[in-house]
Amino acid sequence: MGSSCYSFLAFGKGGFTVGQKAEKLSVQELIQKSSGKKQKKLIEKMIPIILLLIASVSVLTTFGIVGTLIVETVIFFNDVKITDFLFGTEWYPFGNTEQLFGILPLVAGTLKVTGIAVVVAVPFGIASAIFLSEYATDKTRRIIKPILEVLAGVPTIVYGFFALTFVTPLLQQFIPGLKIFNALSPGIVVGVMILPMIASLSEDAMSSVPNSIREGALAMGSTKLEVALRVVLPAALSGIMASVVLAVSRAIGETMIVSLAGGSTPKFDLDVTESIQTMTAYIVQVSSGDAGYGTTIYYSIYAVGFTLFLFTLLMNYLAHVISKKYREEY
Amino acid sequence: MRYVNHEAVVKKMNKRLMVNGIFKTIFFAATLFALLVLGVLFYRIISQGVSYLTPEFFQNFGSRVPEKAGIKAALIGSIWLMCVVAPVSIILGVGTAIYLEEYATKNKLNDFIRMNISNLAGVPSVVFGLLGLTIFVRALALGNSILAAGFTMSLLILPVIIVGAQEAIRAVPQDVREASYGMGATKWQTIINIVLPSAIPGILTGAILALSRAVGETAPLVVIGIPVIVHFLPDNLLSQFTALPMQIYDWAKRPQEAFQYVASAGILVLMGFLLIMNSIAIFIRNKFSKRY
């Protein structure tokens, strides 16, 4: 405090002097004078430190997330055996006499939805990317890309509502046994949600394949399709795969669509027409209900959240490795 | 003797061209699929919701009766939420971006910060909700207030704002910085007088797009326990509140069919909110962005 007051005074005095004797000083002296100002020096020294502190917030956030999840999960494992949690095939936390915490049904629900989403999004996403990168004119691209951005910007709650009130009734007309809550409808809608991500990241990967390679193949008499499938696609494969893995990670973490349209009955099977529950939907179910603070159910959302976090972390790491390791350099 | 069978070549070539044409159509149709879904989605929501979009809808609080249900508390709550998220996330995001682009040298700590940011971007929003619940709601005892929700949302969109701001700062050419140094300016003077003014349109565009993500995000709000039925307007940052996506979630869950229409009307308000934010972002980008 004292030093900053002092430097402020010094600055005032210095400025006064310069103003008075400006004509008599040479430029070099002026520079020397101004670079000697203490306050300025202090600011120059403090700013990087302040900015580093600000930058460390993101690091603290990560530590906060990992720390919270680990601490609360450890408390959860005081009540529930870790082997029961990892290998149990029944998730029945709301029982009065017996509570069962086997995560596999929730994982199965998540994987069912993610699997359907991938089946929808990968063919459509990559086909759109090929169209945009290899066939579309600049004008078409300028129309379609913003629309894809809009699609990517639709809030997931809106998609969830769409799945529940439009896609499910529509599917029920074709599949009579389909329940109101099922894995199929949210799966398809999650697929639509991640489609723009796959399309735009894959298109970026394809567009970065140099034109000389395309022209080389065209000069050899290839059709555009052959260039796209045999030259551009293999060259951009690492980028495309990374985009798919990132999209899978998004699908695993998607919450509102599955909460609204997926149901809340976790089952460890492969049936997509019945009500399911994903890891994310369970967290939402418990936190929107009145699970008392400190109960096993309360801590279970952290254990489930931790599992979810590990899944997405693994996927993101995988995407990173794929795009690093298999990238073709031109 | 002819080595090349002209007819066979023509036939083969025509076949290959035909396959090319078929696939072009397929790829185009696949692209149209996304547009079709978007069209159906908008059509459904507009046709269902527009009749409920009356002036009373904006003046009423939530209600058990669909005809009396309104969005006032949620709309005002979302605006309050933005008033917390915008300053917090922009200050943290831009500060981090300036540090990484202008000050950070290549060392282990800075590499770790960079890697950490890209990892944070991939963490599901529901996990951020768990962080907010533990740290802001319980440990700091902020309760399910605007402040707790605002901090959680700020951390959620922080990586997006950082990456956007980094790109904007990187786009300012090195020559301009050198010119400023050449005039005797210090590093911080250069940043504050030269780099930031040119980067601000890009930073703001990215920030508004990130904020519009925060407006539509539901999962963290559910996890930190934001109530849905609120019959008062918040008056300070520690008030309880509800937000647009929470209100829509509550309506969408209700079994009565009439609430579907109310939910659609709510979605229209939310989409209108997002549209306004995105228009501002596009306006800023077109009006103020400089080309070097």
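**Contacts between and within chains A and B**

The contact between the chains takes 66 residues from chain A and 65 residues from chain B. Two residues count as in contact if their C-beta atoms, placed from the backbone, lie within 7 Å. On the side of chain A that touches chain B, helix H3 (residues 38-79) of chain A gives the largest share, 19 residues. Helices here are DSSP runs of H or I with at least four residues, strands are runs of E with at least two, and both are numbered from the N terminus. By class, this side of chain A has 42 nonpolar, 20 polar and four charged residues. Ala, Val, Leu, Ile, Met, Phe, Trp, Tyr, Cys and Pro count as nonpolar; Asp, Glu, Lys and Arg count as charged; the others, Gly among them, count as polar.

The model is predicted: local features need pLDDT of at least 70, side-chain atom pairs count only at pLDDT 80 or more, and totals for chains, interfaces and linings use all residues. Residues are numbered from 1 along each chain as its sequence is written, while chains are lettered from A and ligands numbered from 1 in the order in which they are written.

Chain A comes to 14 helices and two strands. Of its 330 residues, 43% are buried. A residue is buried if 20 or more other C-beta atoms lie within 10 Å of its own, exposed if 12 or fewer, and partly exposed in between, with C-beta atoms placed from the backbone. Among contacts in chain A between residues at least 6 apart in sequence, 73% join residues at least 24 apart.

Helix H13 (residues 279-288) of chain A is mostly covered, with eight of its 10 residues buried. Among them are A:Met279, A:Tyr282 and A:Ser288. The cover comes from both chains. It includes helix H5 (104-135) and helix H14 (296-325) of chain A, together with helix H5 (125-139) and helix H9 (219-223) of chain B.

One helix pair spans the two chains. The axes of helix H6 (residues 138-153) of chain A and helix H1 (residues 6-49) of chain B come within 10 Å and cross at roughly 50°. Axes are lines fitted to C-alpha atoms, for helices over the stretch in contact, and angles run from 0 to 180 degrees between N-to-C directions. H6(A) and H1(B) are therefore oblique to each other. Angles under 35 degrees count as roughly parallel, over 145 as roughly antiparallel, 65 to 115 as roughly perpendicular and the rest as oblique. H6(A) passes H1(B) in a left-handed crossing. A crossing is left-handed if the near helix is turned anticlockwise from the far one by less than a right angle, and right-handed if clockwise. Residues in this contact include A:Ile144 and A:Leu148 of H6(A), and B:Thr31 and B:Leu35 of H1(B). The contact has eight nonpolar, one polar and no charged residues.

A second pair lies within chain B. The axes of helix H10 (residues 244-253) and helix H11 (residues 258-288) of chain B come within 8 Å and cross at roughly 160°. That makes H10(B) roughly antiparallel to H11(B). Their crossing is left-handed. Among the residues in contact are B:Trp251 of H10(B) and B:Phe273 of H11(B).

The domain assignment, automatic or from a database, gives chain B domain 1 (6-52) and domain 2 (57-288). Seven residues of domain 1 of chain B are in contact with eight residues of domain 2 of chain B.
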